[in-house]
Amino acid sequence: MVDLFLGKVLVKNNKDKDELDTEREIILRLQNRILMLFFGSGECEKCQEFAPTLKDFFKKLTDEFYVERSAQLVLLYISLDSSEEQQEKFLKELPKRCLFLAYEDPYRQELSVMFEVQDLPRVVVLRPDCSVLTPDAVEEICKLGPDCYRNWQEGAELIDRNFMMNEEFDEGKMRSMTDPIRRIKYKVEDKKKKKKKKKKDGVSVEEEEDDEDGEEDGNGGGGWG
């Protein structure tokens, strides 16, 4: 998909509207990722209704509050708005991490013709090699939510074993601030359990555990204060 945008300028949907305008920046941002081309307009009622769903979908796949590691996914808004003011207004409804093409960029219309966009909203999902994975994923996103990313991941032959949805996520609960501490605690407890199953050089299990406790008392306290 990188070839589609080399020589183009992609803009970040952040406060400063930072631009990705060098070949290196474009490659780093798009290479080995699934690309969602969102064709829409703030003047389109269906697009306005779909925007919160899309924002929630993208956030739950890329925000570290919901996932252990961000999905290899890029969202690019292709504006078909009738004015720059309308485009900027609609961008406020979209994720801060999405990208977009500037209103004055004629490539917006070229992409619309290239992918034969007629009805809005439309989400074209592309594999890293620029081939179309899903010609219109709007309905799939609405029905399956973030789960459809796994289907795309397999269909695109994009392997990322480090990506993991937070299976215990509950919309009514936030992650605990002590979560990292609890994870370290569980790792320490797992090590103790493993040591109980083994004996080293004739040292008894009880002695080994005492030694470990002594080491923690002598050295471990400094790390946590």
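**View 1. Q72 sits in the loop between helix 3 (45-62) and strand 4 (73-79).** Helices (H or I, at least four residues) and strands (E, at least two) are DSSP runs, numbered from the N terminus. This is a predicted model, in which local features need pLDDT of at least 70, side-chain atom pairs count only at pLDDT 80 or more, and totals for chains, interfaces and linings use all residues. Residues are numbered from 1 along each chain as its sequence is written, and side-chain values use heavy atoms, with hydrogens and water left out. Q72 counts as buried, at 12% relative accessibility; buried means under 20% relative accessible area, exposed over 50%, and partly exposed in between (1.4 Å probe, protein chains only). Its side chain reaches the backbone oxygen of N32 at 3.1 Å.

**View 2. Here is helix 5 (residues 107-114) with its buried residues Y107, R108, L111 and S112.** These four share the same side of helix 5, because they cover an arc of only 150° around the axis (the arc is that of the directions from the helix axis to the C-beta atoms). The cover over them includes helix 1 (2-5), strand 3 (34-40), strand 4, helix 4 (84-91) and strand 5 (99-101), where contact means heavy atoms within 4.5 Å. After helix 5 comes E116, with a positive phi near 50°.

**View 3. F38 and Y77 form one of the eight aromatic pairs in the structure.** Rings of Phe, Tyr and Trp (its six-membered ring) pair if their centres lie within 6.5 Å; planes under 30 degrees apart count as stacked, over 60 as edge-to-face and the rest as tilted. This pair is tilted, at 5.5 Å centre to centre and 40° between the planes. F38 belongs to strand 3 and Y77 to strand 4, so the pair ties together parts that are 39 residues apart in sequence. Both F38 and Y77 are buried. Ring pairs also link F38, F50, Y77 and F90 into a cluster.

**View 4. F39 and F115 make another tilted aromatic pair.** Their centres are 6.4 Å apart, with 55° between the planes. F39 is in strand 3, while F115 is in the loop between helix 5 and strand 6 (122-126), so this pair links distant parts of the chain, 76 residues apart. F39 is buried at a relative accessible area of 0%, and F115 is buried at 11%.

**View 5. Strand 6 is largely enclosed by the rest of the structure, because five of its five residues are buried.** R122, V124 and L126 are buried on one side, and V123 and V125 on the other. Two strands pair if DSSP finds at least two bridges between them. Strand 6 runs antiparallel to strand 3, joined by five bridges, and F39 stands opposite R122.

**View 6. Strand 6 also pairs with strand 7 (residues 132-134), in the antiparallel sense over two bridges.** The bridge partner of V125 in strand 7 is T134. Five residues lie between the strands of this hairpin, where C130 takes a positive phi near 80°.

Terms used: Polar contact = N/O pair within 3.5 Å; in protein donor to acceptor, adjacent residues only side chain to side chain.
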